[in-house]
Amino acid sequence: MKKKIISIIISGLLAVTVVLSLAACGGNSGGGAAPAGSGADNAEKTTFIMGIDPEYPPFSYLGDDGKYTGFDVEICQAACDKLGIELEIFEVNWDNKLIQLDAKECDCIWSGMTILDSMKEAGYVLSDPYFDNTQVLLVKADSGIKSSADLAGKDVAVQLGTSGDQLLSSDLEELAATFNSVVRCDSFLKCFTELDGNAVEAVLVDEPVAKAYINEHEGFVILDEDLGGEQYGICFRSDDQALCDQIQGAVAELVADGTYKQIAESKEEYADLIPNLIFLQ
Amino acid sequence: MSLWTMIGLMAGGFGKTCAIFFLTLLFSLPLGMVVALLRMSKVKVVSGIVRVIISILRGTPLLLQILAVTYGPHYLLGADVSKNKLIPVVIAFAINYAAYFAEIYRGGIESMAIGQYEAADVLGYSKFQTFIHIILPQVIKRIMPSITNEIVTLVKDTSLAFAVSYQEMFTIGKQIANSQTSFIPFLVAGVFYYVFNAIVDFVMARVEKKMNYYH
């Protein structure tokens with residue numbers, strides 16, 4: 001009798017599992033198919049999937065309410081509202097972001113992303129730049145390091161796949177050769193932890209990220225040295241020019257009606273961004 | 001970037017992959033035996049504590065344990081983060097794999113018939129001698145397939161070291177894949193792992209055959 005009850009319970013559980021997993025599959029393929037449409041059916045697009053690095057404050061990060069927020073996310077949300085399409089957020093793996101974009105896991109990469117020549121060469125559609133960025137070195141205030149020359153023989157951390165990472169193997173190659181090693185972490189949090197834990201002496205990072213970090217943590221300074229100017233933009237797949245124009249048009253409207261400025265001034269964390277926002281010049 | 005440059009760069013990282021692999025085996029195989037014996041201890045407190053530790057190590061992801069060993073001391077105690085990432089990585093791997101090996105050893109030891117202990121006792125073997133000369137050789141033979149399973153898994157798990165930016169082969173492969181927007185490095189990584197595991201398989205099959213002395 002006991003055995004019978006147990007076998008009934010087990011078969012019941014199995015049945016539930018099968019049904020649930022089938023339902024999950026159905027849901028996935030349904031959800032995946034709709035936004036997967038490429039350039040041709042943009043007109044009917046109802047969801048726009050924004051690819052972000054969820055660990056990139058103040059542009060894109062997990063807010064206190066457990067939802068993604070940040071300057072880029074808010075602008076994108078406002079643009080989608082204008083266009084009457086639904087915004088969906090996809091967390092990309094920053095060092096695989098272009099592969100994930102090609103795989104149609106998202107419709108764009110929009111997360112404080114530096115426009116690189118290599119992206120243009122590879123045929124990606126890029127929006128007009130919206131932010132002037134510089135690469136800076138963040139060091140501990142008590143380290144006595146005053147310039148990049150003081151970093152000879154020291155260890156420097158950089159986030160994998162960022163423009164800083166690329167700079168160290170191109171324009172800043174000579175400087176990088178003086179370092180003892182370049183530690184490539186898969187998130188900025190890890191870079192900063194390495195710095196805080198004395199495993200590295202400096203972090204090469206985008207200026208706004210460094211400023212955001214300094215605002216929340218004491219004992220760090222940004223070296224007064226501009227290691228490379230660059231601009232942020234939005235990256236779309238090579239056949240998505242129409243989508244790029246559509247989004248860009250909506251952003252231009254936001255700039256025109258003042259919403260853009262309003263968002264930029266809405267949060268304390270965005271204050272440092274304003275002088276570098278190209279559309280507000 | 002040519003295919004050969006890619007393979008060259010990844011082969012450089014493969015040395016670091018091998019370092020994790022061999023050091024982990026070196027530490028975890030003996031440590032597993034110590035843990036297994038403590039787990040079977042007649043002292044309830046000892047076996048209880050070890051049981052909880054094994055349960056934690058098997059019940060949480062290895063990735064989490066690597067992060068905990070590397071950055072935990074810094075966040076909890078304010079200690080410095082190790083510059084040489086191989087140290088925390090090997091510590092995390094060795095502890096994790098020791099927990100699995102311990103359970104495999106225990107399974108092997110407990111599968112031995114009680115009659116063997118009785119016969120050894122009659123023949124005048126001490127407890128220690130019984131374990132070393134009679135029980136252990138049979139246990140090793142019996143658990144070989146399970147050990148091979150774990151070793152093969154270890155080869156693939158080495159890629160988890162990317163989490164603390166240890167530049168092993170797969171980490172480098174990912175970097176190349178990103179900078180070249182190419183899928184080829186992943187295929188190369190697959191081939192590296194497969195060939196390594198084919199060698200492991202071959203060696204372990206030879207070892208098993210060598211130990212097949214009663215058949």
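Reader: Before we start, what should I know about the numbering and the pLDDT cut-offs?

Author: Residues count from 1 along each chain as its sequence is written, while chains are lettered from A and ligands numbered from 1 in the order in which they are written. The model is predicted, and local features need pLDDT of at least 70, side-chain atom pairs count only at pLDDT 80 or more, and totals for chains, interfaces and linings use all residues.

Reader: Okay, what elements does chain B have?

Author: Elements are DSSP runs numbered from the N terminus: helices are H or I with at least four residues, strands are E with at least two. Chain B has eight helices and zero strands. Its C-alpha trace spans about 70 × 50 × 25 Å along the principal axes.

Reader: How much of chain B is buried?

Author: A residue is buried if 20 or more other C-beta atoms lie within 10 Å of its own, exposed if 12 or fewer, and partly exposed in between, with C-beta atoms placed from the backbone. By that count, 33% of the 215 residues in chain B are buried.

Reader: Which elements of chain B touch chain A?

Author: Contact is a simple distance test: two C-beta atoms, placed from the backbone, within 7 Å. On that basis 13 residues of chain B meet 18 residues of chain A. The elements giving two or more residues to chain B's side are α3 (62-77) and α7 (169-180) of chain B, and α7(B) gives the most, with four residues.

Reader: And what is that side made of, by class?

Author: Ala, Val, Leu, Ile, Met, Phe, Trp, Tyr, Cys and Pro count as nonpolar, Asp, Glu, Lys and Arg as charged, and the others, Gly among them, as polar. Chain B's side then has four nonpolar, six polar and three charged residues.

Reader: Let's zoom in on α3(B). Where does it kink?

Author: A bend is the angle between axes fitted to the seven residues ending at a position and the seven starting there. In α3(B) there is a kink of about 55° at Tyr71(B), shortly before the proline Pro73(B). Just after the helix, Gly78(B) has a positive phi of about 75°.

Reader: Which residues of α3(B) are buried, and what do they pack against?

Author: They are Gln65(B), Ile66(B), Val69(B), Thr70(B) and Tyr71(B). Their packing partners are α7 (188-196) of chain A and α4 (86-110) of chain B.

Reader: Over to chain A. How do I read its sheets?

Author: Strands of a sheet pair through backbone hydrogen bonds, either parallel or antiparallel. Two strands count as paired if DSSP finds at least two bridges between them. One open sheet has five strands in the order β5-β1-β6-β14-β7 (chain A), with mixed pairing. Its edge strands, each pairing on one side only, are β5 (86-91) and β7 (125-126) of chain A. Inside that sheet, β1 (residues 47-52) and β6 (residues 108-109) of chain A run parallel, joined by two bridges, and Met50(A) stands opposite Cys108(A).

Reader: What about the three-stranded sheet?

Author: That one is open too, ordered β2-β3-β4 (chain A), and antiparallel. Within it, Tyr56(A) has Ser60(A) in β3(A) as its bridge partner.

Reader: Last one: how is chain A split into domains?

Author: Bounds come from an automatic or database domain assignment. Here it gives domain 1 (45-130 + 233-280) and domain 2 (134-229). The C-alpha centres of the two domains of chain A lie 25 Å apart, and 13 residues of domain 1 are in contact with 14 residues of domain 2.
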